[in-house]
Amino acid sequence: MIYKSLSSIKTGEAARIHTLNISGGMRQRLQDIGIIPETKIECLFSSAKDSIRAYRVRHSTIAIRREDAERITVVPLGVRI
């Protein structure tokens, strides 16, 4: 299928959020900062060990740990679902 994890997009690539497979406080925090379905997200930077990445979401830059990004499903831009 066309879905992939947020952690799989490379620096400079963008996608649309599809689902958050996270529960509890972390899910609420991500939603509060704009990580909700159909929102565009772009990878801006990856740390040397690739454990943290910076993303642009709704005109803000946020950092997300790799293990959390792996639980966010995205769809490449231009793909209709």
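These are my notebook entries on one chain and two of its residues.

**Entry: the whole chain**

I am working from a predicted model. I looked up the secondary structure and found two helices and six strands. From the N terminus on, I read the order as β-β-α-β-β-β-α-β. The radius of gyration is 11 Å, close to the 12 Å that the globule rule gives for 81 residues, so the chain is as compact as a globular protein of that length. I boxed the C-alpha atoms along the principal axes and got roughly 30 × 30 × 25 Å.

**Entry: burial, surface and charge**

I found that 32% of the 81 residues are buried. The accessible surface is about 4,900 Å², and carbon and sulfur atoms hold 52% of that. I then took contacts between residues at least 6 apart in sequence; 61% of them join residues at least 24 apart. For charges, I noted 14 positive and 8 negative, with mean positions 2 Å apart.

**Entry: Thr-39**

I located Thr-39 in the loop between helix 1 (24–32) and strand 3 (40–46). Is Thr-39 buried or exposed? Its relative accessibility is 5%, under the 20% cut-off, so Thr-39 counts as buried. Which side chain does the side chain of Thr-39 join in a polar contact? I found Arg-58, at 3.0 Å. Beyond four places in sequence, I listed Ala-15, Arg-16, Ile-17, Gly-34, Val-57 and Arg-58 as contacts of Thr-39.

**Entry: Phe-45**

I placed Phe-45 in strand 3. Leaving out residues up to four places away in sequence, Phe-45 touches Thr-11, Ile-52, Arg-53 and Ala-54. I also checked Leu-20, 25 residues from Phe-45 along the chain; their C-alpha atoms are 21 Å apart.

Key:
Residues numbered from 1 in each chain as written. Predicted model: local features only at pLDDT ≥ 70, side-chain atom pairs only at ≥ 80, totals over all residues. Heavy atoms only, no water. Helix = DSSP H or I, 4+ residues; strand = E, 2+ residues; numbered from the N terminus. Buried < 20%, exposed > 50% of the residue type's maximum accessible area, 1.4 Å probe, protein only. Polar contact = N/O pair within 3.5 Å; in protein donor to acceptor, adjacent residues only side chain to side chain. Contact = heavy atoms within 4.5 Å. Rg over C-alpha atoms; globule rule 2.2 N^0.38 Å. Areas by Shrake-Rupley, 256 points an atom, 1.4 Å probe, with all protein chains shown as cover. Lys, Arg positive; Asp, Glu negative; His and termini not counted. Charge placed at Lys NZ, Arg CZ, Asp CG, Glu CD.
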